[in-house]
Amino acid sequence: MRPFDYVRAEDTGSATEAARGGATFIAGGTNLLDLMKLEVMAPDRLVDITRLDLGAIERTEVGGLRIGALVTNADLAAHGTVRRNYPVLSRALLAGASGQLRNKATTGGNLLQRTRCHYFYDTSQSCNKREPGSGCAALGGINRIHAILGASEHCIATHPSDMAVALLALDAEVETETADGARRMRPLADLHRLPGDAPDRETVLADGELITAVVLPSAPRGHQAYRKARDRASYAFALVSLASVVAVENGRIARASLAFGGLAPKPWRDPEVEATLIGEVPSEELFDRAADVLLREAKGHGHNDFKIPLTRRVLKAALREAAGMEKPA
Amino acid sequence: MTTQFKMDAPQRPLLDRTEQGVIHRPLDRPEGPLKVSGRAHYAAERQLPGQVEGVLVRATIARGRLAGMNAEEVRAMPGVLGVFSDERFLRNPAQGGAGEAPVQGVREIFYHGQPIALVVAETLEQARHAAANLRPSYEEAEAQVDPATASDVDRPDKRRLDQGDLDRAMAEARASVDVTYTTPPHHSAAMELHASVASWEGERLTLHGSYQMLKYNKAELADSLGIPEENVRVLSPFVGGGFGSKLGISPEAVAAAIAARDLGRPVRVVMTRQQVFSMVTHRTSTRQRIRLAADEEGRLTGIGHEDRVYNLPDEVFSEPTTQSTHFLYAGANRRLGQEVARVNRACTGSVRAPGEAVGMLALEGAMDELARVLHMDPIDLRRRNIPDRHPEQDIPYSARRLADCMDQGARAFGWSPGSRREGEWLVGQGMAAAARINMVAPSEARVTLRGDGTALVETDMTDIGTGTYAILGQIAGEMLGLPVASVDVRLGDTDLPPAAGSGGSHGASSAGSSVFLACQGLRATLAERLGCEAEDLTLKDGVATGGNFRADLVDLLSGGDLSEEGKFEPGETADDASQAGYGAFFAEVAVNRITGETRVLRMLGTFAAGRILNEKTARSQCQGGMIWGIGAALTEELSFDPRDGHAVNDDLAEYHLPVNADCPPIEVHFLDERDEMSCPIQTKGVGELGISGAGAAVLNAIFDATGIRVRDYPATLDKVLAGLPD
């Protein structure tokens, strides 16, 4: 571990101020500390935000929910309103990590966790995300867990979060405070960047900008579900996950918020898929068409080719479930 | 005095005539409270005065020469005491029972991950940071990292058997299968990281390490360092899991000893989890072609089992994949053989049940396939092929209750294969036989009856989480008529009599026999003091009776200690009979029709492995083995990069051991058995039996549920998905 400075912030103003110039915020540290021990991340300065007053879950004026950035994954999953109005979020959280990790990991930190790409964690390997310009060893390497959508020739890593996938399906917004004290709201969909030619830049957050909360709109209509296909029953990242909020009204699909994990460098939601579905009568053919749209640019890298048919199956199963249809034999 | 015994003839079960009644009972392990309260100190927890920290540095090329490194620069970093890169460093650990140094040297690089330097600093953080800044330079050479295409391939004679005419048997068979199974590399992934604390007093080295076979480890360490064996003491009183990965001395011990000598301070070296995945031995992948030829009634007329495994150049170990195929089933025409590809990958060696753990995955899958071809119940097929005599050596079998295990297991499980649907899930059942060769090894122990009527058992035997403390106390308590609370057991110190060590499931039988023999010697002395024949002596609760005499043990001891050494040696019975533990596995699984994910719903194992010394620790061993079976069947695969051969998924987040949620209720039953050919206490190995075939029951159940035959372990969802209808 490289020597580093440590600053304990007392309020958001001092936190963002202290973070200017490339410092890293630390809350639960469930991902950051591992990366620092491996010297995959080597921040000069850590700004500890755990004393900040960001631990509340509150109703918003418009009937939504404001989740403080320091709310732990465990507390969020167990929260009554979340379980009642946003069950997909609760289920996604409980499908992730382990009990111990969920007790430490925070809402803001979860959004910013780094990829699980093996080559990112191994400093003997080339990785454009860790060391820009060094190359991507996952291309041509073991890439079973890697992306089929949104990747680039510079990086095929996936975003590992379950929570973020559910938040995306719920149309969450991310509230931040910048180093000059300004508050910003952004749709979660706009938080993460695709790798392009700069996979080291994973979000649009500015230097010193701190996530202070995640805000959910009022409870959505429709059937909420979280499906996660993975390599073991617990403590495994998603190969494919799908958070769905689907409403069928008068025999037609009225809402189809579909966010995917395990497929892409960011939680993945494709408006064209939803446009394909909305207003239509549910059918196997329609679901296949939606899957065709979703996967139109999907690209496997060898070991992860299976994610393409798997995604189609998971999508269709979720839509069938929401529409009350049976899988044909 | 020493009671010596060589196992040349069957032994009558004295332990069935003793009266203390502690053998077989499911007693708690005596060291359990120490472990759960943090008072059992493991190697990495040693803190000696002046101790400093070493961090190993690994090669980052697959093949070539170490040209140099920026050692001077690193030596100048804060806290750094030394940078060591020494030709005595181990390329890889010694193989189990080697008793001599493995391949040594840092200049020639054989695999990505080979230890090439040790950086020592005052604190762990300083050492780790300095180690990360050590930049070796290399002259790279061409490497071969893929066992499938490696050009250097050995075909060991000892693995070759050609009996009769298998090709003809296949051609004439009424039913046959000719299938190829593959298993991936596995890692033991013991919870405790490999760790050593080395300290010197003059010429004498003391090593607190985490090792399974101390008398060999002491010899290996001495040989690696070029010092006399008598100057080395190794201590491993507690080991947090070994599974073969701690059989032989490994790189951290030798590096710690070299640095400690030079610095004149104790040095601790703890491997990181990532280092464990590359620096200690793992299990090879296997490619196994199985051929089974049968007549119309399912009687085997031929068996073929040929495999390809890999290891580093110059390693003599190769996975004995076909070990149980030699004796498990009948069939006059037999062909077994092996290819060992020489590759630039981390070293392979013994991992829990070397041979059977993977060989049985293929053999028992193929037997299931043959049963389907024949439209036979898989238990009937197996029962029909239990040979009267060893099909290759023409010797009898010792105790063997395979058929009973299958029948009683089937009853207890509610064996009723046939797919059914439960929502999104397809449910089915599968079974497989269990078989694991039985071995014993030389082992010594000292048992002292103390004047106060308590006893002390001493041996350099290890307890790697298996229950050695418990069972040795039970054997001594039973033989000496003492409650187990009156027996102290000291283990894991090479200053004590040398034992077999923990490996090959031979520990309980071998070390247990040495304790038994020492107690026999003590009983003879006590009988003499009491005035009766040894056969007539009864010891119970501290009282000796025999003939017409009766005395308290403490009175017979009259305040003095009575000490006896027991020395056990394998003998002719090892060759006179085919010895193995047997059993049967049953699994019920659910396969998701959407995703192809498999969950084991329940599992049962019935085993016959001679006398069971402690029904609780033995059951834990078998449950653990069956969980390994679930891992082999569904989740575990160590991946190596196709270009530089480095271990890719080298942490516990990405090397998928089964977690609790993967483990269903697992039932274990033992059948009553004594194996008089095995050893004087009629036991056989248990620790590895529970894994030997377990995973095949799971994959056979997947077939039952879905009709999909996965032959490429593990059955991850992608392999099942490929066979599921849209």
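The dialogue below works through some strands, a loop residue and a helix in a predicted model.

Student: Why is B:Gly414 called partly exposed?

Tutor: Partly exposed is the class between buried, which is under 20% relative accessible area, and exposed, which is over 50%. B:Gly414 has a relative accessibility of 35%, and therefore it counts as partly exposed.

Student: Where is B:Gly414 placed, and which residues does B:Gly414 touch?

Tutor: B:Gly414 belongs to the loop that runs between helix 10 (402-413) and strand 18 (420-422) of chain B. Leaving aside residues up to four places away in sequence, B:Gly414 touches B:Gln429 and B:Arg602, where contact requires heavy atoms within 4.5 Å. Its C-alpha atom is separated by 44 Å from that of B:Ser236, a residue 178 residues apart from B:Gly414 along the chain.

Student: What makes strand 17 of chain B mostly covered?

Tutor: A residue is buried when its relative accessible area is under 20%, and nine of the ten residues in strand 17 (residues 333-342) of chain B are buried, so the strand is described as mostly covered.

Student: How do you know that strand 8 of chain B pairs with strand 17 of chain B?

Tutor: Pairing requires at least two bridges between the strands. Strand 8 (residues 153-154) and strand 17 of chain B have two bridges, so they count as paired, and the sense is antiparallel. In this pairing B:Asp154 has B:Val340 as its bridge partner in strand 17 of chain B.

Student: Which sense do the pairings of strand 9 and strand 16 of chain B with strand 17 of chain B have, parallel or antiparallel?

Tutor: Strand 9 (residues 161-163) of chain B runs antiparallel to strand 17 of chain B, joined by three bridges, and B:Leu161 is partnered there by B:Leu336. Strand 16 (residues 300-311) of chain B, by contrast, runs parallel to strand 17 of chain B, with ten bridges joining them, and B:Val309 stands opposite B:Val340.

Student: In the chain A sheet, why are strand 4 and strand 7 called edge strands?

Tutor: The sheet is open, and its five strands follow the order 4-5-8-6-7 with antiparallel pairing. Strand 4 (57-59) and strand 7 (183-187) of chain A each pair on one side only, and that makes them the edge strands. From one strand to the next, the twist averages 25 degrees. Strand 7 of chain A pairs with strand 6 (residues 173-177) of chain A over five antiparallel bridges, with A:Glu173 opposite A:Pro187.

Student: Which helix lies across strand 6 and strand 8 of chain A?

Tutor: Helix 1 (residues 12-19) of chain A lies across both, running at about 125 degrees to strand 8 (210-216) of chain A.

Methods. Residues numbered from 1 in each chain as written. Chains lettered and ligands numbered in written order. Predicted model: local features only at pLDDT ≥ 70, side-chain atom pairs only at ≥ 80, totals over all residues. Heavy atoms only, no water. Buried < 20%, exposed > 50% of the residue type's maximum accessible area, 1.4 Å probe, protein only. Helix = DSSP H or I, 4+ residues; strand = E, 2+ residues; numbered from the N terminus. Axes fitted to C-alpha atoms, helices over the stretch in contact; angles between N-to-C directions.
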